[in-house]
Amino acid sequence: MDAYLLRHLADGLRGQRSRTVTVMLRNLACKHTNDGVKEALDGCGLKGKFSHVYVPRVEARRCNLGYAFVTFRAPEYADE
């Protein structure tokens, strides 16, 4: 997990209130990358509504693990 997500999770554990929300996207095709997921979200009308995308990958197999995390700037954006 990258440093941004670790900081975000740590802030939540310390009881700090945050207006952001992180969601998990499942069942991603193996070929998708961070940039590909960002482009797909932009294409769905969510451009500017998320701050971070993390798609864990297995470099030895050159594919993702089938899921991604997206941090939205406000909870209501995750419902769109």
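## Secondary structure

Helices and strands are taken here as DSSP runs numbered from the N terminus, a helix being an H or I run of at least four residues and a strand an E run of at least two. The model is a predicted one. In these terms, the chain contains three helices and five strands. Read from the N terminus, the order of the elements is α-β-α-β-β-β-β-α.

Strand 1 spans residues 21-26 and helix 3 spans residues 75-78. Helix 2 covers 34-46, strand 2 covers 50-54 and strand 5 covers 67-72. Strand 3 (57-58) and strand 4 (63-64) are separated by a loop, which holds Arg62.

## Overall burial and contacts

The chain has 80 residues, of which 26% count as buried. Its accessible surface amounts to about 5500 Å², with 51% of that area belonging to carbon and sulfur atoms. Among contacts with a separation of 6 or more, 58% are between residues 24 or more positions apart.

## Nonpolar core

The largest nonpolar core has ten residues: Leu28, Val37, Leu41, Leu46, Phe50, Val53, Val55, Ala68, Val70 and Phe72. At least two residues of this core come from each of helix 2, strand 2 and strand 5.

Phe50 is one of the core residues. When residues up to four places away in sequence are not counted, Phe50 touches Lys38, Leu41, Asp42, Val70, Thr71, Phe72 and Arg73.

## Largest pocket

The space in the largest pocket is about 170 Å³. Strand 1, helix 2 and helix 3 are the elements that give two or more residues to its lining. Helix 2 gives the most, with six residues.

The lining comprises 14 residues, and those nearest the centre of the pocket are Leu25, Val37, Leu41, Cys44 and Leu46. By class, the lining residues divide into eleven nonpolar, two polar and one charged.

The C-alpha atoms of Cys44 and Glu80 lie 9.2 Å apart, although 36 residues separate the two in sequence.

Met24 belongs to strand 1. With a relative accessible area of 44%, Met24 is classed as partly exposed, because this value falls between the cut-offs of 20% and 50%. Leaving out residues up to four places away in sequence, Met24 touches Tyr67, Ala68 and Phe69. The C-alpha atoms of Met24 and Tyr67 are 6.9 Å apart, with a sequence distance of 43 residues.

Cys63 is placed in strand 4. Its relative accessibility of 8% is under 20%, and Cys63 therefore counts as buried. Apart from neighbours within four places in sequence, Cys63 is in contact with Cys30, Arg57 and Val58. A separation of 8.8 Å is found between the C-alpha atoms of Cys63 and Ala29, which stand 34 residues apart along the chain.

## Loop residues with positive phi

Asn27 is not a glycine, yet its phi is positive, at about 65 degrees. This residue sits in the loop between strand 1 and helix 2. Asn27 is exposed, its relative accessible area being 72%.

Arg62 also has a positive phi without being a glycine, in this case about 55 degrees. Arg62 is exposed as well, because its relative accessible area of 69% is over 50%. Between Arg62 and Cys30 the C-alpha distance is 8.5 Å, for a sequence separation of 32 residues. Cys30 is also a contact partner of Cys63.

Technical notes:
Residues numbered from 1 in each chain as written. Predicted model: local features only at pLDDT ≥ 70, side-chain atom pairs only at ≥ 80, totals over all residues. Heavy atoms only, no water. Core = buried A, V, L, I, M, F, W, Y, C linked by side-chain atoms within 4.5 Å. Buried < 20%, exposed > 50% of the residue type's maximum accessible area, 1.4 Å probe, protein only. Contact = heavy atoms within 4.5 Å. Areas by Shrake-Rupley, 256 points an atom, 1.4 Å probe, with all protein chains shown as cover. 1 Å grid on protein atoms, 1.4 Å probe; cavity = no way out; pocket = protein on both sides within 12 Å on 5 of 7 lines; lining within 4 Å. Points joined across faces, edges and corners; volume = space filled by probe spheres on them. Nonpolar A, V, L, I, M, F, W, Y, C, P; charged D, E, K, R; others polar.
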